[in-house]
Amino acid sequence: MTSSDRSHAVDVQDAKTYEVRTYGCQMNVHDSERLSGLLEGAGYVRAPEGSDGDADVVVFNTCAVRENADNKLYGNLGRLAPMKTKRPGMQIAVGGCLAQKDRDTIVKKAPWVDVVFGTHNIGKLPVLLERARVQEEAQIEIAESLEAFPSTLPTRRESAYAAWVSISVGCNNTCTFCIVPALRGKEKDRRTGDILAEIEALVGEGVSEITLLGQNVNAYGSDIGDREAFSKLLRACGRIEGLERVRFTSPHPRDFTDDVIAAMAETPNVMPQLHMPMQSGSDTVLKAMRRSYRQDRFLGIIDKVRASIPHAAITTDIIVGFPGETEEDFEQTMHAVREARFSAAFTFQYSKRPGTPAATMEGQIPKEVVQARYERLVALQEEISWDENKKQVGRTLELMVAEGEGRKDGATHRLSGRAPDNRLVHFTKPDQDVRPGDVVTVEITYAAPHHLLAEGAVLDVRRTRAGDAWDKRNAARAAKPAGVMLGLPKIGAPEPLPVMTGSGCGCD
């Protein structure tokens, strides 16, 4: 019996409810799935959507990416204070990167918080909540090293057909803008056998797409000195029957070797998609960021990937306005973007991370200059994204049907899915039943900068075990009182080109 099954055995009317609010990168999203699994294993049920703090336990899984991350947290905690006063049994927990960083400060500023836990000991949350309840005092427990890989903990996965699989935690890089190594520690790799065993178990449950997850996935194997460990892992994933799609995020250009490109090209279920953070196109800025590659090296990798995988969609992260960035430096970034022809870029305005070397560097760029450069870069990338998407018109693609990705699908009578290269495609709803996780074949008829349309009739529908898993999950929900479960978040890459607001680390 899974943790989810155990939680569903609890009478929903009598069980305590919980809410997990997640900020930050994919690692935090994955951690939140585990936090939900732990709570449901302890007998809690998820609060109805839109409860907005009206739950017995509210957990903040925090991010320390932005300089004002603490202000955002304390603002949210402040809004919950009167609710807790009215409900004495209510508990509030704060975990994640900001908790790892601030520790005792959180309870001093918000004494109504019951539990503070770090990035290394998320498995302790139910115990800490119970201890806080019994002892009637805040519990602060921050482990200095990893106690258990997130993937070994109970889970409440947000998708029946796609799943994150953690292969490593931490990071050995020392980028001057990034606080992740200080909060998540040095890189620690998970055993290959454990990774493959988890994937096989997921496939057995109906999952057909997995995303290998790590702060720096292609450095996998550094623990044992095997520089080809990541490419070997990709090839091993290709031998798992029933696993249709394999993705990974995020690699680092420093560790991106030819054997990884070969494994991507030669393993059929590894998707033709690559997200590789460039951060800047200026060699001077890259040096100041302590990035161990230069523009020529980065663009050379892009060329090799395209030579081996012609239809690959390549996305990136870019930071605008890093301390000391001159107009010439910025123009080098614009040049690199023109050369790379990214299908999308997640572009962030530089924000100080307290505790990082860059936060105290000379040459901090005025906000108005950063904003102007950002807008120029966005305009250029929008043009490139649209041009690259137009090349997809007329192609016949297999889409994995997605849930909740098309905000206008109801009004347009369309469904949405992800192409192999992870492009979002809205397609005409066929006459026959199609479920999330099923696969449809369509012809692309129109391109916008951030999505594609297939306005003709669906050419083929393939019902899958992943769709069966979605049916099974929905049947279980229907057997319970309405409003217990939350809607599913998006699977795949976030919307392109946001201003950095704490929704991603941008640190790989």
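Two strands pair if DSSP finds at least two bridges between them. Strands β15 (residues 396–401) and β16 (residues 414–418) are joined by 2 bridges and run antiparallel. The model is predicted.

**Mixed sheet**

- An open sheet is built from 7 strands, and its pairing is mixed.
- The strand order reads β19-β20-β17-β16-β15-β18-β21.
- The edges are β19 (446–447) and β21 (460–462). Each has a single partner strand, so one side of each has no neighbour in the sheet.
- Within the antiparallel pair of β15 and β16, Val 401 stands opposite Gly 417 in β16.

**Parallel sheet**

- Another open sheet has 3 strands in the order β7-β10-β11, with parallel pairing.
- Here β7 (162–166) and β11 (245–249) take the edge positions. Each has a single partner strand, so one side of each is left without a neighbour in the sheet.
- From one strand to the next, the twist averages 25°.
- Strand β10 (residues 209–213) pairs with β7 over 5 bridges, in the parallel sense.
- Val 165 stands opposite Leu 212 in β10.
- Strands of a sheet pair through backbone hydrogen bonds, either parallel or antiparallel.

**Helix across the parallel sheet**

- Helix α8 (residues 192–204) lies across β7 and β10.
- The direction of α8 is at about 165° to β7.

**Helix pair α10 and α12**

- Helix α10 spans residues 258–266 and helix α12 spans residues 295–308.
- Their axes come within 10 Å and cross at roughly 25°. Angles under 35 degrees count as roughly parallel, so α10 is roughly parallel to α12.
- The crossing of α10 and α12 is right-handed.
- On the α10 side, the contact involves Asp 258, Ile 261 and Ala 265. On the α12 side, it involves Ile 301, Lys 304, Val 305 and Ser 308.
- The residues of this contact divide into 4 nonpolar, 1 polar and 2 charged.

**Salt bridges**

- The structure holds 30 salt bridges.
- One of them joins the side chains of Lys 84 and Asp 114, at 2.5 Å from N to O.
- Lys 84 belongs to helix α3 (residues 69–86). Asp 114 sits in the loop between α5 (104–109) and β5 (115–117). The pair therefore ties together parts that are 30 residues apart in sequence.
- Side chains of opposite charge can pair when their charged atoms come close.

How values were computed:
Residues are numbered from 1 along each chain as its sequence is written. This is a predicted model: local features need pLDDT of at least 70, side-chain atom pairs count only at pLDDT 80 or more; totals for chains, interfaces and linings use all residues. Side-chain values use heavy atoms; hydrogens and water are left out. Axes are lines fitted to C-alpha atoms, for helices over the stretch in contact, and angles run from 0 to 180 degrees between N-to-C directions. Helices (H or I, at least four residues) and strands (E, at least two) are DSSP runs, numbered from the N terminus. Angles under 35 degrees count as roughly parallel, over 145 as roughly antiparallel, 65 to 115 as roughly perpendicular and the rest as oblique. A crossing is left-handed if the near helix is turned anticlockwise from the far one by less than a right angle, and right-handed if clockwise. Contact means heavy atoms within 4.5 Å. Ala, Val, Leu, Ile, Met, Phe, Trp, Tyr, Cys and Pro count as nonpolar, Asp, Glu, Lys and Arg as charged, and the others, Gly among them, as polar. A salt bridge is a side-chain nitrogen of Lys or Arg within 4 Å of a carboxyl oxygen of Asp or Glu.
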